[in-house]
Every structure is written in structure tokens, then in C-alpha cells.
Amino acid sequence: MEIIPGIHQVDGVRGANAYLVIGKDEMLAIDTGMPGNAKRIAAYVEGLGKNVSNIKFIILTHADIDHAGSAAELKRMTGARLAIHADDAPILRGKQSFKAMRGPLGFMFKLAMSFIRYHPAEPDIILGADSEIEGFRIIHVPGHTNGSICVYRPGTVILAGDALRSDSSGNPKPIFWISSLDKAKARASLRAIATLDFDTLLTGHGAPVVGNASQKVKDMVAHLR
């Protein structure tokens, strides 16, 4: 579905939300969901009357499997250049394990991973603090993972991955601290996001926050404990 002009959330993706930025001749994919979603993303593109080869860049907000799981297959299908922050690149390549989570969530993750086959991928673009792709600024927001990023178009939209989440009514919420590598960094990253200006917030999990989104994030952060 189209969230705002030129930006779509791909329907039916398992795992995290996957988004497409639609240009005149080129497209940008942001996150890919769990393994097995590449064909679903391709079908969505074709439903728009476009060719999947028009996807020129795939940006991963971080390397968790629910965001990066279909990156290798989508890259193979499209020939797109795959981008991820330097700190999460070893996980994407399969050279470093996924982060360990604590408690019941960690147990469930380990159990699920025994049934899922992850295909590592080689990134083409290593992102840093000053990177920019197709008019979007890359904002480093460590905490959930070391290499978590937001994809930001000033004054318009921010695609925040798991730096924060939103509820079913489209209200921003703090991330699940239990799933973060570093709670203190995750909180600091939330406060950094709250200094930015954007009308629309698109998160890795939850409904779009459309209209006055940056003020809603500021209000949320003001009540953090």
C-alpha cells in the first residue's frame, strides 16, 4: 500500500515491514523481511506495472534476520546494490552470529532459527555516519544493534527500522529493550531521532505514523524513564 506519495509498504511481508521508494525510473527497497519474501516483493513491484530490475538499491536498517532475511535473494533477482552499516556488515556476510537475546524472547528466537535457513549476502555499499543514498541521509542509531540506522529525508519521512516501533493505531512507542544489545545507546538513539524533523515515521514493526510524526516522537521521548 502507498503510505505517502512515492513510498509504499509491501503487503504481506513476513517478519519486519519492507518498504519501496518509487522513483520515475528507479526504486529503492528498505528492509526485506524474513527469508522467503523476495518473490512477494517482486510480485508487489510487478503489480505496480514496473519491473523488479528497477530496484537499484536495497538498504538494510540492520542485520537482524527479520529485516535482512531476504536480502541475498532480492539482490540476486534485481542486481541491486546492497547497503548496510559497517558495524552490522559482518552479520550480513555470515561472519558473525546474530545478536543473543535474553529471556523467553531469546529462547523463542533460538527455537525459530533451527527451522530457518539464512542466506548470507555480500554488501556492495558500507554505510557510515555521513552516507547518503538517492536523497536520503543515513542516521546511525546504535543500540538495537551496533549498526542500526534510520533512512531519513529531512522534513518529510524517516524509516527507522527497530530504533523504535509503533502501535496498531500509528503511535510511536519505545523499542523492546529486551531485544536491544545496549539499552543506554538505544535510549540515546531515540533522543537523537527526536531532534529531527519529519512528517511521517515508518517503523520496522507497527503501523505508519503519518502527520506530525516528529512531534509525536518528541512527546514520547519526553516521557521515557
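**Notes on the strands and their partners**

1. Helices (H or I, at least four residues) and strands (E, at least two) are DSSP runs, numbered from the N terminus.

2. Before going on, keep in mind that this is a predicted model, where local features need pLDDT of at least 70, side-chain atom pairs count only at pLDDT 80 or more, and totals for chains, interfaces and linings use all residues. Residues are numbered from 1 along each chain as its sequence is written, and side-chain values use heavy atoms, with hydrogens and water left out.

3. Now to the neighbours of β4 (residues 27-30). Two strands count as paired if DSSP finds at least two bridges between them. On one side of the story is β5 (residues 55-59), which runs parallel to β4 and is joined to it by four bridges; Ile-30 has Ile-59 as its bridge partner there. Then there is β3, antiparallel to β4 and also linked by four bridges, with Val-21 partnered by Leu-28. β3 and β4 form a hairpin, with four residues between them.

4. Strand β2 (residues 7-9) runs antiparallel to β3, and three bridges join them. Gln-9 finds its bridge partner in Tyr-19.

5. What about the faces of these strands? In a regular strand the side chains alternate between the two faces of the sheet. Buried means under 20% relative accessible area (1.4 Å probe, protein chains only). β4 is covered on both faces too: Met-27 and Ala-29 are buried on one side, Leu-28 and Ile-30 on the other.

6. Further along, six strands form an open sheet with mixed pairing, in the order β8-β9-β10-β11-β14-β15. β8 (132-133) and β15 (209-210) stand at its edges with a single partner strand each, so one side of each has no neighbour in the sheet. Within it, β10 (residues 149-153) and β11 (residues 157-159) pair antiparallel over three bridges, and Val-151 has Leu-159 as its bridge partner.

Conventions: Buried < 20%, exposed > 50% of the residue type's maximum accessible area, 1.4 Å probe, protein only.
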